[in-house]
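Colleague: I am new to this structure and would like to learn how to read it. Could you take me through it feature by feature?

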Amino acid sequence: MWGFLKRPLVVTADINLHLVALTGMGLLSRLWQLTYPRAVVFDEVYYGQYISFYMKRIFFLDDSGPPFGHMVLALGGYLGGFDGNFLWNRIGAEYTSNVPVWSLRLLPALAGALSVPMAYQIVLELRFSHCAAVGAALLMLIENALITQSRLMLLESVLIFFNLLAVLSYLKFFNCQKLSPFSLSWWFWLTLTGVACSCAVGVKYMGVFTYLLMLVVAAVHAWHLIGDQTLSNVRVFCHLLARAVALLVIPAVLYLLFFYIHLIVLFRSGPHDQIMSSAFQASLEGGLARITQGQPLEVAFGSQVTLRSVFGKPVPCWLHSHQNTYPMIYENGRGSSHQQQVTCYPFKDVNNWWIVKDPRRHQLVVSSPPRPVRHGDMVQLVHGMTARSLNTHDVAAPMSPHSQEVSCYIDYNISMPAQNLWRLEIVNRRSDTEVWKTILSEVRFVHVNTSAVLKLSGAHLPDWGFRQLEIVGEKLSRGYHESTVWNVEEHRYGTSQEQKEREWELNSPVQVDASRNLSFMARFSELQWRMLVLRSDDSEHKYSSSPLEWVTLDTNIAYWLHPRTSAQIHLLGNIVIWVSGSLALAVYTLLFLWYLLRRRRNVHDLPQDAWLRWVLAGALCAGGWAVNYLPFFLMEKTLFLYHYLPALTFQILLLPVVLQHISDHLCRSQLQRSVFGALVVAWYSSACHVSNTLRPLTYGDKSLSPEELKALRWKDSWDILIRKH
């Protein structure tokens, strides 16, 4: 029984030295002198401020993508002990001693380094040779743009990592499917595919392109599985259910989890609050929450309220009035009512307060007990500081002549009666007797006499209106539109009937002691919607470019310039790799179409196994390039060269696949294969030479003379190659 003690305990393991060496070289190329330069480099100024918000738990909104990518960068800051105290105001600013530069750049660098061995494994899983796999990994290793992007506090390398992880995981799952379906490794790789896809989408919305590609490939394979007559109906159902859970349910749950963590961590009010609804703002610590905390929930007759436009465009604003009147005659010759102006004002102001009055009573205070306002009730809105009622009539609005003017009624005794009755409609009501609630209810005001709806037109008034936003009565409004919807933001029960006392009351702060919160799903839905519809400044940038310029490498980006020497970092692609990748894509497309036409004529140039490998490689590599590149032609946003990098990685994967295919199937003799192999070696040597030539601009660690800098301009790249050889 104790015989095992008489023999040594031996453990054997298969170690792929190719994989180990490639991983080591990837780490060396990405981590070497990672803290250099110790200054803000290009978009680090953009991502750095979000990391500071995470460190300080301050809410922010970024329309570039979901929060997972920012959380990855913030994790690096957390591990390095960053306190968030750094002013991210300009590119080139020197980092202070409290900024852990190495930690902040570590995770993107690791993602870029691990993409090298993953490229090797992907080509192997596609059932191509070790030589082709090593070639793909080495191209990933020496590509200058990928090195530059992964050594900085940026997200492209993280996105590429999860894109490749999704492809690799699916290929491993697909190969397990043939040998051991429903095994532990089968479940692991299938689940990891869904996790990687969700993480890719969570880093940037661009990740959805690769996710959709994986869903299409999985759907095609599932369709073939359904036609497999050797499988029972129950087993086919289990296969389909497993794929649905792993590729649809798990990514959706993870996506929600990213936002859940984001909202749990960022619980404090910040500079982006104004974009969100009043209810969302009130759920954050500080800011509006300090003002609205403990307000009466139910709006009653006599309530004093501020009304915020739910639309929030062009800027968040509140229904507002002041003593100034509309001009009697506008510049275009049209006349007005000359009554008190009603506008939407983008700042908190005492003139934003209104009193909800019962038309059947004269009191402007809340009775005891309060009488709540319900859906369908008639109300008058009396301006708190001027005591004039909100009114609209058949007079053209100043900036929107097809809509009615909205004013506060002044009795000029000129046969223009008041038309100040409004019917309250609660848009998000659950019943027709629902009570109007502070913050939570979204309401419309429908004018009783004309059926016009109170609406924010979004137009700016001229100087006589102090450039505030125009409010109109919109007759044509039939359905729900956020420009006609309002919510009560600040609310108090009025107690002063006299005007002077009421003015003092409106100027006094409310003392409160309670709070209310939105549910997670309500906050997630609003945040997701704002991220999708928010449009950032799409003005032209010095280094912006078009998708056509990416393929031809007719553009680059100066990331950083040393303030005292001529050392600098540029985002530059390796011209040999980029052009070769485009040629490989064209060759693959032509060969695929040629084979497809000949197979239609029942001429099989490739064995069935080789044909299936060729098709799968094209679906993932050529398809990956297409879905990550072509959508940019439809985007109306400022684009940069780094947007092409995810597509480029798929081209790099395709390149050795095409080279091996030419060698194996198009070179008929051993002599042809030898000559072709020599050409490939020469080509790869050229790529290495260009990579080494551009090294000073990739790492920025060498001072360059003006002549050296000029020689590295993109249009002279081929001249460099020609002169050296």
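This is a predicted model: local features need pLDDT of at least 70, side-chain atom pairs count only at pLDDT 80 or more; totals for chains, interfaces and linings use all residues.

Colleague: Thank you. How many helices and strands does the chain have?

Modeller: Helices (H or I, at least four residues) and strands (E, at least two) are DSSP runs, numbered from the N terminus. Here the chain has 22 helices and 14 strands. Its C-alpha trace spans about 105 × 70 × 70 Å along the principal axes.

Colleague: And what share of the residues is buried?

Modeller: Buried means under 20% relative accessible area, exposed means over 50%, and partly exposed lies in between (1.4 Å probe, protein chains only). Of the 725 residues in the chain, 53% are buried. As for the surface, accessible areas come from the Shrake-Rupley method with a 1.4 Å probe, and for residues only the protein chains shown count as cover. The accessible surface of this chain comes to about 33,200 Å², with 61% of it belonging to carbon and sulfur atoms.

Colleague: How should I read contacts along the sequence?

Modeller: Contact means heavy atoms within 4.5 Å. Among the contacts in the chain with a separation of 6 or more, 74% are between residues 24 or more positions apart.

Colleague: Let us turn to helices. Why does the length of α7 agree with what one expects?

Modeller: The expected span of a helix is 1.5 Å times one less than its number of residues. Helix α7 (residues 156-179) has 24 residues, so the span should be 34 Å, and the end C-alpha atoms are 35 Å apart, which agrees. This helix is mostly covered, with 22 of its 24 residues buried.

Colleague: What does α9 pack against?

Modeller: First, a general idea: an α-helix has 3.6 residues a turn, so residues three or four places apart point the same way. Helix α9 (residues 207-226) has 20 residues and reaches 29 Å from its first C-alpha to its last, close to the 28 Å expected. Its buried residues include Phe209, Leu213, Val217 and Leu225. The buried residues of α9 pack against α7, α8 (184-203), α10 (233-265), α17 (608-629) and α18 (645-666).

Colleague: Now single residues. Is Thr306 buried or exposed?

Modeller: Thr306 is found in strand β1 (residues 303-309), and it counts as buried because its relative accessibility is 2%. For its side chain we look at polar contacts: a pair of N or O atoms within 3.5 Å, where within protein one must be able to donate a hydrogen and the other to accept it, and residues adjacent in sequence count only if both atoms are side-chain atoms. The side chain of Thr306 reaches the backbone nitrogen of Glu490 at 3.0 Å. Leaving aside neighbours within four places in sequence, the contacts of Thr306 include Trp318, Trp353 and Asn487.

Colleague: Where is Ala300 found?

Modeller: Look in the loop between α12 (288-292) and β1. Ala300 is buried, with a relative accessible area of 1%. Beyond its neighbours within four places in sequence, Ala300 is in contact with residues including Val356, Pro370 and Tyr493.

Colleague: Last, how do I read the backbone?

Modeller: Most residues other than glycine have a negative phi, and most peptide bonds are trans. In this model, a cis peptide bond joins Tyr36 and Pro37, with omega about -5 degrees, and Pro37 lies in the loop between α1 (17-31) and α2 (44-56). The bond from Ser368 to Pro369 is also cis, with omega near 0 degrees. Gln33 has a positive phi, near 50 degrees, and is partly exposed, with a relative accessible area of 38%. Phe182, in the loop between α7 and α8, has a positive phi near 65 degrees.

Methods: Residues are numbered from 1 along each chain as its sequence is written. Side-chain values use heavy atoms; hydrogens and water are left out.
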